[in-house]
Amino acid sequence: MTKLKKKNTKQKHKIIHIDKAEPSKRYDDVYQDHIPDQIESATQQELNVYIFRCKNKITLQVSFLTESMIRFRYAINGEFQNDFSYAIDDEFNASDPKTHLEEENDFFKITTSHVQCFVLKEGMKVHIKNLDGACICEDDGGFRAQSSILKGISRVTVSKKAAKDEVYFGLGDKSSSLNLRGQKFENWNTDSFLYDDKTDPLYRTIPFYYSLKNGLAYGIFMDNTYRSHFDFDSKKRGNVEFSASGGEMNYYFIYGPSLLSVAAQYTKLTGKPDLPPIWALGFHQCRFSYYPESKVKEIANEFRSRQIPCDAIYLDIDYMDEFRCFTWNNSHFPKPTEMIKALREKGFKTIVMIDPGLKADDNYSIYAEGKKRDYFCKRPDGDIMIGPVWPSDCVFPDFTNPVVRSWWGHLYRTLYSKNRIAGFWNDMNEPAVFKIEKKTFPEDVRHYYEGEYASHAKMHNVYGMQMSRATHEGLLRLKNHRRPFVITRATYSGGQRYSSVWTGDNTSNWKHLKIANIQCQRLSISGFSFVGSDVGGFAGQATGELFVRWLQLGVFHPLYRVHSIGENSEGDSETNQNEAGPTISMDQEPWSFGEEFTSLAKYAIELRYQLLPYIYTAFWKYTKEGIPMIKSLAFYDQTDPKLIETEREFIFGEQILVSPVIKKGRTNQKLYLPKGLWYHYWTATSYGGNQKVEIEAPLSHIPIFIKAGSVIPHYPIRQYTDEKPVDELTLHVYFKNGKEISQLYEDEGDGFAYKNDQFSLKTYEFIGSDKEINLTQHKKGQWIDTYHTCNVLFYGLPFQPAVCLVDEAEIDFQTIEISGNMVYHFILDNNFQQIILKP
Ligand code: MIG
């Protein structure tokens, strides 16, 4: 508002507020503010839905979806828009909580079993308290909107008070510091080649944030797909403001009080993915681009001959015939089905790129068909939107049309069913357009928007999401017995139901290793756990040390993929700069940096394969309960202020604390441990929490700590996930004085039989004291393990066991010494139920 006024001081009164407009004069535009005045009526619309209406017709609808989730919608003239959302999961079940409305002199109050929601009569401001009366979330300016004659609604805003110590997290795709306080952001999906920690907006729009104040957390999700802005008190006025440049103000308030509960509720609201095929959690090797066929085979052979595990290899755009999607370049790949089969026999899945831009070429049958059927995005007057991307002039399917989505899904048929490509990588779907500053469509391009019709201004931020949805749904239809694997660059809240994401075009330097760590934490707590960065960096040239450190961090990112720009960066001198001086080699395979680094790279990737059962279990937990796989430390203990400012360390799954080395030349690491007792994974030494510790961190090892009481499952190293059935399980058990529950989820790793009980869920209960250890195992589900042997290793026991009973029978153990710490190793039958150890 003030911005508009300022901007126009020179060209006097060209855009003017409606109150100041003289009837006889003409202006460039005339705008109007919409600010709620006095509530004049409050009615219950249906069970749990209340309507408040001001004298000036501004209307607020408050819906209680659960005891702690409240939806707020504002209409400036009493008319709500059609209630439609791409983000909200169809499977989300509102629990219809018990609520009731009370009226006092100055306010209305609605109470659930978790929160009290006040709506003030003056200005229609909202104030939420918990049942103890603590203020959780309070409007500052509250709701406001602005419209103009030419633009219609041009801005809807809510501002809330920011208390002195309040901190903010979330917003998915941001690369700056983890705590959002003091920063402001924009959401507008953008192809951000060479982005850094100051670049904003980036590729994805996730308008969801957390607040934490006095140990109590809530979340706000503004479900509005227009360009949006979030300002976390950047001007130090003690408020947070979120706004969108069109549409309806429509936001969800989610009360924790724990951050983790907010995360789980948000993820339930916007949806959880199904389990991925387990091979997708293996290691992936990618490059822009591997071709011809002989190069692909050479890479594959190198992995196997060096015994470096790998499950997938990627073909970037150069596999296509002049960048025409769904075609092959026959000179590079004369026999794709045979090549893919040969790769498959060696244990490699092949994944290929598919872009949204289709070459505008009448000899290209997909273009001709799409044009005939009217499937492409159009300009306002009906011309097809044409923009340059890889194949030069391109057209773009309108993925907001269900018919187009199903057509698109079917286009994968040959690649998926005949060639047997295992997964698809959807890129450039911001959508990216070359050559123009804007990098994308003009905002007046039209879209079908599920029959509601919308401009690109409204649709832009969901384009990539709907593309990945079309891909996902298409793959599911083509092979309904296989779990689809999709990776997308652009997306919107809820897109996690359809696809994994990678963080886009990063750069091979140490700063970007730090950024990757923050981005993946942030995406994970924002609903997208299936996330990873281009390991080693996309642009520029990594060093061996950087590459190894990045591979070590990547072990703890659910999507574990090396990618680099290859020779395509030639001529781009800026990105070719690197600390090692001139470019030595553009290769970025585990063996590209010399033997010393190759063995360290192999060692990191092997750790990933050993931890697969733990990682798969964490994924299962995410799909079941919406618990993020990567959690910033504040999500572990939100009462410890030191953890709120910690950015480098995070919890992976439930019980592993990861402290990646992200500085060049570092071989020791100082970190602050959260409360409790922690075991250094590599030395088996225990450290008390709530203190700073210093440990050695040689380049060979990423510092990780295990929470005391945990049972961490490991598989033997395999070269790929279906190389051979797992033949033994190893459980690493870490002593604790007290009780701790751990779980292990397994199934056949693909297909959907797990939904019909074909899974195995083992629950381990550890109870320890100075006098006795009691570990029990309970199994649920019908799936039968492929292994019989279970190694159980006990760390940190306070005594040397003299009595060892497994299911009441005496049994022997072996001892191993690790860095001076005694470890007791039992070899058991996999079906053991109880181990008791006594001094
Ligand atoms: O204009 O397909 O982010 O991963 O290798 C660049 C080529 C297009 C951008 C992706 C990157 C990919 C590259 N793509």
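This is a predicted model: local features need pLDDT of at least 70, side-chain atom pairs count only at pLDDT 80 or more; totals for chains, interfaces and linings use all residues.
A search of the whole structure finds 53 salt bridges, and one of them is formed by the side chains of Lys174 and Asp200, at 2.8 Å from N to O. Lys174 sits in the loop between strand S13 (167-170) and strand S14 (184-187), and Asp200 in the loop between S14 and strand S15 (204-205), so this pair ties together parts that are 26 residues apart in sequence. Lys174 counts as buried, its relative accessibility being 1%, whereas Asp200 is partly exposed, with a relative accessible area of 28%.

Another salt bridge joins the side chains of Arg227 and Glu443, at 3.0 Å from N to O. Here Arg227 lies in the loop between strand S17 (216-222) and strand S18 (228-232), and Glu443 in the loop between strand S27 (423-426) and strand S28 (446-447), so the parts that the pair ties together are 216 residues apart in sequence. At 29% relative accessibility, Glu443 counts as partly exposed.

## A network that includes Asp191

Salt bridges also link Asp191, Asp427, Glu430, Arg489 and Asp505 in a network. Asp191 is located in the loop between S14 and S15, which is also where Asp200, the partner of Lys174, is placed. With a relative accessible area of 14%, Asp191 is buried.

The side chain of Asp191 makes a polar contact with the side chain of Arg489, at 3.4 Å. When neighbours within four places in sequence are left aside, the residues in contact with Asp191 are Tyr203, Met428, Glu430, Ala432, Lys439, Arg489 and Asp505. Among these contacts, Glu430, Arg489 and Asp505 are also members of the salt-bridge network.

Definitions and conventions. Residues are numbered from 1 along each chain as its sequence is written. Side-chain values use heavy atoms; hydrogens and water are left out. A salt bridge is a side-chain nitrogen of Lys or Arg within 4 Å of a carboxyl oxygen of Asp or Glu. Helices (H or I, at least four residues) and strands (E, at least two) are DSSP runs, numbered from the N terminus. Buried means under 20% relative accessible area, exposed over 50%, partly exposed in between (1.4 Å probe, protein chains only). A polar contact is a pair of N or O atoms within 3.5 Å; within protein, one must be able to donate a hydrogen and the other to accept it, and residues adjacent in sequence count only if both atoms are side-chain atoms. Contact means heavy atoms within 4.5 Å.
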